[in-house]
Every structure is written in structure tokens, then in C-alpha cells.
Amino acid sequence: MDQIEHKYIDVRGLKLHLAEIGNGSSVVVFLHGFPEIWYSWRHQMIAAANAGFRAIAPDFRGYGLSQQPLEPEKASFKDLLEDLLVILDFFSIPKVFIVGKDFGFRPAYQFALLHPERVSGVVTLGVPYIPSPVSLFGDLPEGFYILRWQKPGRAEADFGRFDVKTVIRNVYILFSGSELPIAAEDQEIMDLVVPSSPLPTWFTEEDLAVYASLYEKSGFCTPLQVPYRTLQEELSLADARVQVPALLIMGGKDFALKFSGREDYIRSGKVKDYVPDLEITFLPEGTHFVQEQFPDQVNQLVLTFLKKHAS
């Protein structure tokens with residue numbers, strides 16, 4: 001961990017934080033999800049650097065050590081795409097691999113659609129390519145965590161009953177399960193976790209302390225806006241098919257497989273209608289945090305893909 005360097009660069013009026021390691025000519029950019037942060041990629045970054053790649057993991061705007069936008073309620077997925085382009089241009093990086101986790105799949109794939117000449121390949125964990133976000137969760141009950149968190153003020157009030165460390169602890173416990181987090185009408189999402197519930201065995205108190213310190217700095221304002229309150233945001237594209245090589249890594253016990261039609265969409269190969277050059281790998285015991293739970297296995301899969309497609 002000590003080898004990872006931390007930098008701040010000015011990106012479209014904001015000071016964004018980047019973690020970086022390695023000096024290879026092939027570059028990998030890691031895009032986190034929620035409640036994650038650059039630190040979520042610690043195992044993959046070190047492995048990539050040891051394999052001869054240069055690894056960069058930004059904190060998205062409003063997350064962790066990156067500066068808050070002046071109007072967080074207006075932040076969007078489009079901002080993440082524009083920020084990524086500025087980061088690559090700042091470092092004069094002509095072409096990259098992009099690895100995205102959770103909602104990070106969207107800027108990963110959308111960047112590849114908008115700038116295919118800048119992308120060597122895409123890896124996503126936990127979420128396949130989904131061409132349109134419209135009505136993704138329309139058939140799920142009102143107590144589903146995403147629907148709850150889309151409502152301005154609802155999550156803020158729920159989270160506000162606890163300190164930041166407890167919120168992160170609860171989300172990690174919830175999202176490490178194989179069932180969809182759905183609250184009853186008289187419950188909030190944080191109430192789904194029994195206070196005595198242990199952390200996942202692969203997630204230490206030290207890890208939790210790092211996450212808590214970063215979210216204590218950033219708060220949850222922007223993280224609730226992007227992704228949850230901008231999920232319906234559309235990207236206008238003439239062709240929504242991905243033309244670069246791709247890899248999808250899914251945990252077999254990932255709760256996201258319970259989203260309506262999600263598992264069939266992946267296992268049937270329907271996803272390949274939109275991503276023709278796609279490899280799919282399931283880690284049977286993996287949960288939604290598969291890159292932290294089984295870092296060695298994920299590292300091997302990612303590095304094999306990178307080496308196969310590195311120019």
C-alpha cells in the first residue's frame with residue numbers, strides 16, 4: 001500500500017484525487033462504485049503494477065478526497081465521463097483499459113462507446129452492460145434500497161441517525177448478502193442490519209476505518225446523487241453496441257443477480273447482443289464485493305484479460 005501515490009489534479013474546476021502506482025506504458029483506470037472509493041481497488045492496483053501496468057484509481061467528484069461540486073444536486077453521470085477524458089488528456093494517455101465496479105460499469109462502458117479509439121478494453125464487476133437505464137427497477141417494491149435512496153431526503157434522514165462508520169458498516173454487510181435489500185413500509189434501509197451483525201470476514205476493521213475516514217470527509221450528498229438520483233439519465237448514441245473487448249466478473253452470490261431478469265440476461269448470453277466480444281466469468285462464492293473478497297482470483301482474471309488485449 002505504501003507504494004501507491006496520491007495526486008490531485010484540477011479537472012473542470014474541481015480538485016480531484018487520484019491514487020496511482022506503476023509506470024508501464026499500458027494504463028488501467030479503475031472506477032469505483034458505492035459505497036466504494038479508490039481504496040476498493042488496492043489489491044488490483046498493486047497486482048496490475050507488479051505485472052507491468054500503470055494503475056490509476058480516481059475518487060469520483062464528491063467522493064472521498066475529491067472536491068465536492070458546487071451544486072451536488074446537479075451532478076450527473078455525464079460529469080464522470082467528462083472528468084475521465086480530462087484525466088487521460090492531463091496525463092497524455094492515448095489509450096486505456098477501464099475497470100468498473102457496481103455503477104462504475106456505466107462510465108466504463110459509456111466512455112468506450114463515446115471514445116472507442118481511447119479504450120483497449122473494459123472489465124466490469126457486479127454489473128453487466130445495460131444499454132438503457134429506463135425502468136430498470138420498476139417491478140421492485142417501494143422498499144427496495146435504490147428506490148428509497150432515489151428520493152431526496154429519505155436516505156439523508158436514514159443515514160443521519162448514525163455515525164458515518166456505522167452507515168458504511170451497514171451497507172457493506174447488506175451488500176455482501178445474496179438477497180436484495182428491501183425494507184418494510186415501517187422500516188428504513190439501515191434498520192435491515194442487526195447492530196451485532198459482524199463484518200464480512202474479508203473486510204477488516206482497519207478497512208472500515210479507511211472507508212469511514214474518506215466518507216467523513218465527503219459525506220453522502222454527491223454519492224446519493226450519482227448514482228442513485230441520476231440512474232435514469234440517458235446517453236444519446238447512434239449505436240449502443242460496444243465494439244471493444246470486454247470481461248464481466250460476477251459473484252455467484254451477488255445480490256444484484258436477483259434484479260429482475262439480470263441473471264438470465266447474463267447466463268443466456270443476451271448481453272452479448274450488445275457486447276459481442278465479451279467474456280463472462282462467475283466466481284461461485286463471490287458476493288457484490290468480489291474484488292475485495294477474492295482478490296487473488298479477480299487479479300488473475302483481470303491480468304489475463306489485460307495481457308491478452310494489451311497492444
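At 37% relative accessibility, Arg12 counts as partly exposed, a class that lies between buried (under 20% relative accessible area) and exposed (over 50%), with a 1.4 Å probe and protein chains only. Arg12 belongs to the loop between E1 and E2, and its phi is near 50 degrees, a positive value in a residue other than glycine. Helices (H or I, at least four residues) and strands (E, at least two) are DSSP runs, numbered from the N terminus.

The model is a predicted one, in which local features need pLDDT of at least 70 and side-chain atom pairs count only at pLDDT 80 or more, while totals for chains, interfaces and linings use all residues. Residues are numbered from 1 along each chain as its sequence is written, and side-chain values use heavy atoms, with hydrogens and water left out.

**The sheet**

Eight strands make up an open sheet with mixed pairing, in the order E1-E2-E4-E3-E5-E6-E7-E8. Two strands pair if DSSP finds at least two bridges between them. Strand E1 (5-11) and E8 stand at the edges with a single partner strand each, so one side of each has no neighbour in the sheet. Direction ignored, neighbouring strands of this sheet are turned by 20 degrees against each other on average. For such angles, axes are lines fitted to C-alpha atoms, for helices over the stretch in contact, and the angles run from 0 to 180 degrees between N-to-C directions.

Strand E2 (residues 14-21) and strand E4 (residues 54-58) run antiparallel and are joined by four bridges. Glu20 stands opposite Ile56 in E4. Helix H2 packs on the sheet and touches E1, E2, E3, E4 and E5; its direction makes about 110 degrees with that of E1. Contact means heavy atoms within 4.5 Å.

Towards the other end of the strand order, E7 pairs with strand E8 (residues 278-283) in the parallel sense, over six bridges. Leu247 has Glu279 in E8 as its bridge partner. From E7 the chain crosses through H9 to E8, and this β-α-β crossover is right-handed, which means that, with the strands pointing away from the viewer, the path from the first strand over the helix to the second runs clockwise.

**An enclosed helix**

Helix H3 (residues 105-114) is largely enclosed by the rest of the structure, because nine of its 10 residues are buried. Among them are Phe105, Arg106, Tyr109 and Phe111. The cover over the buried residues of H3 includes strand E3 (27-31), helix H2 (77-90), strand E5 (96-101), E6, E7 and E8.

Asp102 is placed in the loop between E5 and H3. Asp102 is buried, with a relative accessible area of 9%, and its phi is near 55 degrees, a positive value in a residue other than glycine.

**Aromatic rings**

The structure holds 36 aromatic pairs. Rings of Phe, Tyr and Trp (its six-membered ring) pair if their centres lie within 6.5 Å; planes under 30 degrees apart count as stacked, over 60 as edge-to-face and the rest as tilted. Two of the pairs are set out here.

| Pair | Centre distance | Plane angle | Type |
|---|---|---|---|
| Phe144 and Phe259 | 5.5 Å | 90 degrees | edge-to-face |
| Tyr145 and Tyr228 | 6.2 Å | 75 degrees | edge-to-face |

Phe144 lies in the loop between strand E6 (119-125) and helix H4 (145-149), and Phe259 in the loop between strand E7 (246-251) and helix H9 (262-267), so this pair ties together parts 115 residues apart in sequence. Both Phe144 and Phe259 are buried. The other pair also links distant parts of the chain, with Tyr145 in helix H4 and Tyr228 in the loop between helix H8 (221-225) and E7, 83 residues apart. Tyr145 and Tyr228 are both buried.

The charged end of Arg106 sits over the ring of Phe77, 4.1 Å from its centre, and Arg267 lies over the face of Phe282, at 3.8 Å from the ring centre. The rule asks for NZ of Lys or CZ of Arg within 6 Å of the ring centre and within 35 degrees of the ring normal.

**Other local features**

A cis peptide bond, with omega about 10 degrees, joins Phe34 and Pro35. Pro35 is in the loop between E3 and helix H1 (42-50).

Ala157 is part of helix H5 (residues 154-159) and is exposed, with a relative accessible area of 51%. Ala157 and Glu188 are 31 residues apart in sequence, and 9.4 Å apart in space from C-alpha to C-alpha.
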